[in-house]
Amino acid sequence: MPHLVYPNVFSPLRVGNVTLRNRIFVPAHTTNFGVDNLPSEQHVAYHRARARGGAAMIIFEGIRVHRSSLGRSQGVNGYDPGCIPKFAAVADAVRDEGAHLLGQVIHLGRQVDGNFARMPAWGASAIPWTATAPPPHPMTVAEIEEVIHAHALVAVNLVKAGLAGIEVQMAHGHLLQQFMSPASNRRTDGYGGSETNRLRFAKEALVAIRE
C-alpha cells in the first residue's frame with residue numbers, strides 16, 4: 001500500500017549503476033565503533049540491523065583519507081590496506097539484507113586533534129577553528145596534491161571492498177570547505193583568493209575520485 005503523503009517512498013530508485021529498493025536511506029553519522037582506526041564487528045552488526053529494518057542505502061560514517069586527519073582510534077581510515085576486508089564485511093552484511101553501502105570520505109582539516117597522530121592539524125591557512133584551538137599548519141601545494149591523491153586511493157579501496165558508491169564530505173567546516181570559504185582561506189597562491197581558486201582543491205579531489 002503506498003504511503004499517503006509520500007507515495008513514492010517504497011518505489012525503487014536508480015542511482016548511477018545501482019538500483020535501490022526504496023527511497024529510504026541512513027545518512028553518515030558518527031558511531032565511535034572503530035577499533036584501532038578500522039571498521040569493527042560492531043559496525044557490521046549495527047549496519048546489518050539498519051538494512052534489515054528496510055533502509056535501501058546506508059552511508060558509512062566519515063572515512064579518513066590521510067594520516068593528518070586520523071584523530072582518535074574510534075575514527076575509521078580508508079587508506080590502510082587492512083581496511084579493505086573490514087569494510088567488505090560491513091558491505092556484505094548490508095547487501096545480504098537487500099541494501100547497499102556507500103562510504104563518506106573526509107579530511108577533517110583544522111578540526112582534527114593532531115595529538116592522536118602526533119602532528120599538527122592541516123588547513124588552508126593558519127586560522128584556528130575555535131578560540132582555544134591551535135592554528136593549523138597551512139598546507140603546501142605538495143601536501144594538497146598528496147591529499148587529493150589520498151581521496152582517490154581511499155575511493156579505490158572502498159570499491160575493492162564492495163561498496164556501491166562514494167560520498168565526498170564538503171561541508172560542516174571540514175578541509176574541503178575550509179578551502180572554499182574566505183573565512184578560513186586567506187591564501188595567495190592558486191588555491192586561494194578568487195572563488196575559482198578556492199574551489200580548486202575540492203574540484204580536483206572530485207575529479208581524482210571519479211577517475
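A salt bridge is a side-chain nitrogen of Lys or Arg within 4 Å of a carboxyl oxygen of Asp or Glu. The legends below describe close-up views of a predicted model.

**View 1. Glutamate 97 and arginine 52 form a salt bridge.** The closest N and O atoms of this pair are 3.0 Å apart, within the 4 Å limit. The bridge links distant parts of the chain: glutamate 97 lies in the loop between H2 and S6, and arginine 52 in helix H1, 45 residues apart. Arginine 52 counts as exposed because its relative accessible area is 57%, and the cut-off for exposed is over 50%.

**View 2. Arginine 48 joins glutamate 97 in a second pairing of side chains.** The salt bridge between glutamate 97 and arginine 48 has an N to O distance of 3.6 Å. Here too distant parts of the chain are linked, with glutamate 97 in the loop between helix H2 (83-96) and S6, and arginine 48 in helix H1 (residues 41-52), 49 residues apart. Arginine 48 is partly exposed, with a relative accessible area of 26%. The structure holds five salt bridges.

View 3. Aspartate 92 is partly exposed at 37% relative accessible area, and arginine 95 is partly exposed at 41%.

**View 4. One cavity of 30 Å³ or more is present in the structure.** About 30 Å³ of space lies in the largest cavity. Its lining includes Arg67, Ser68, Ser69, Leu70 and Gly71, together with Val112, Asp113, Gly114, Ala117 and Met119.

**View 5. Asparagine 115 and phenylalanine 116 lie in the loop between S6 and S7.** Strand S6 spans 100-106 and strand S7 spans 122-123. Asparagine 115 is exposed, with a relative accessible area of 53%, whereas phenylalanine 116 is partly exposed at 48%. From C-alpha to C-alpha, asparagine 115 is 7.7 Å from glycine 71, although 44 residues separate them in sequence. Phenylalanine 116 and serine 73 are 8.1 Å apart by the C-alpha atoms and 43 residues apart in sequence. Leaving aside neighbours within four places in sequence, phenylalanine 116 is in contact with Gly71 and Arg72.

**View 6. Leu4, Val5 and Tyr6 make a nonpolar surface patch.** The patch covers about 400 Å². Valine 5 lies in the segment before strand S1 (13-15) and counts as exposed, at 57% relative accessibility.

Methods. Residues are numbered from 1 along each chain as its sequence is written. This is a predicted model: local features need pLDDT of at least 70, side-chain atom pairs count only at pLDDT 80 or more; totals for chains, interfaces and linings use all residues. Side-chain values use heavy atoms; hydrogens and water are left out. Patches are made of residues with over 30% relative accessible area and no salt bridge: like charges are joined within 9 Å, nonpolar side chains (Val, Leu, Ile, Met, Phe, Trp, Tyr) within 5 Å. Accessible areas come from the Shrake-Rupley method with a 1.4 Å probe; for residues, only the protein chains shown count as cover. Helices (H or I, at least four residues) and strands (E, at least two) are DSSP runs, numbered from the N terminus. Buried means under 20% relative accessible area, exposed over 50%, partly exposed in between (1.4 Å probe, protein chains only). Contact means heavy atoms within 4.5 Å. On a 1 Å grid over the protein atoms alone, a cavity is a set of points where a 1.4 Å probe fits but cannot get out, and a pocket is an open set with protein on both sides within 12 Å along at least five of seven lines; lining residues have an atom within 4 Å of a point. Grid points are joined across faces, edges and corners, and a volume is the space filled by probe spheres set on the points.
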